[in-house]
Amino acid sequence: MKVLHLGKFFPPHRGGMETHLALLASGLERFVDVEVAVAAGGRPAGRETIGRVNVRRMRTLGVVAAMPICLDLFTVIRDVRPDVVHLHHPHPMAMLGYLSSGTTAPCVVTYQSDIVRQRLLRHVAGPIVRETL
């Protein structure tokens, strides 16, 4: 079984979502194939293996309202062909990538936070979040 995690960033980037994602992926890798797709942020885009977790750092065009803009989110699901997609919210762009991928893979969402500070983004992303959930 192959599980694809879509998050914002991954260690060494620091944050609660990143720590949770790293712990979850490293715990699951003993039982399933795990791939993590995240924004490259300040690191080079590309692939690396951390432990036995495959990490795909996607080229980042920028960050808008705390959301990394990675166009690869629209193709990564088709490229990986996972059995399960695990989205780490808030990440409306990853949700849009999931919805537009045409995959039949079930989706699991770890809902870590509402979109709180970015009012405009919350209203724009609301329909995407509801459709994904």
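Me: Where does proline 12 lie?
Reply: In the loop between β1 (2-6) and α1 (16-28). Bear in mind that this is a predicted model.

Me: And the peptide bond from proline 11 to proline 12, cis or trans?
Reply: That bond is cis, with omega near 20°. Most peptide bonds are trans.

Me: OK, the fold. How many helices and strands?
Reply: Four helices and eight strands.

Me: What about the radius of gyration?
Reply: It is 14 Å. A compact globule of 133 residues would come out near 14 Å, so the chain agrees with that. The C-alpha trace spans about 40 × 35 × 25 Å along its principal axes.

Me: How much of the chain is buried?
Reply: Buried residues are 46% of the 133. The accessible surface is about 7200 Å². Carbon and sulfur atoms hold 55% of that surface.

Me: What share of contacts comes from residues 24 or more positions apart?
Reply: 49%, counting contacts with a separation of 6 or more.

Me: Switching to cysteines. How many disulfides?
Reply: The count is zero. Cysteine 70 is in none, and its nearest cysteine sulfur, in cysteine 107, is 17 Å away.

Me: Cysteine 70, buried or exposed?
Reply: Buried, at 1% relative accessible area. Cysteine 107 is partly exposed, at 25%.

Me: What is the phi of arginine 81?
Reply: Near 55°, a positive value in a residue that is not glycine. Most residues other than glycine have a negative phi.

Me: Where is arginine 81, then?
Reply: In the loop between α2 (76-80) and β7. Arginine 81 counts as exposed, at 67% relative accessibility.

Me: Last one, charges. How many positive and negative?
Reply: The protein chain has 16 positive and 10 negative charges. Their mean positions are 6 Å apart.

Terms used. Residues numbered from 1 in each chain as written. Predicted model: local features only at pLDDT ≥ 70, side-chain atom pairs only at ≥ 80, totals over all residues. Heavy atoms only, no water. Helix = DSSP H or I, 4+ residues; strand = E, 2+ residues; numbered from the N terminus. Rg over C-alpha atoms; globule rule 2.2 N^0.38 Å. Buried < 20%, exposed > 50% of the residue type's maximum accessible area, 1.4 Å probe, protein only. Contact = heavy atoms within 4.5 Å. Areas by Shrake-Rupley, 256 points an atom, 1.4 Å probe, with all protein chains shown as cover. Lys, Arg positive; Asp, Glu negative; His and termini not counted. Charge placed at Lys NZ, Arg CZ, Asp CG, Glu CD. Disulfide = S-S within 2.5 Å.
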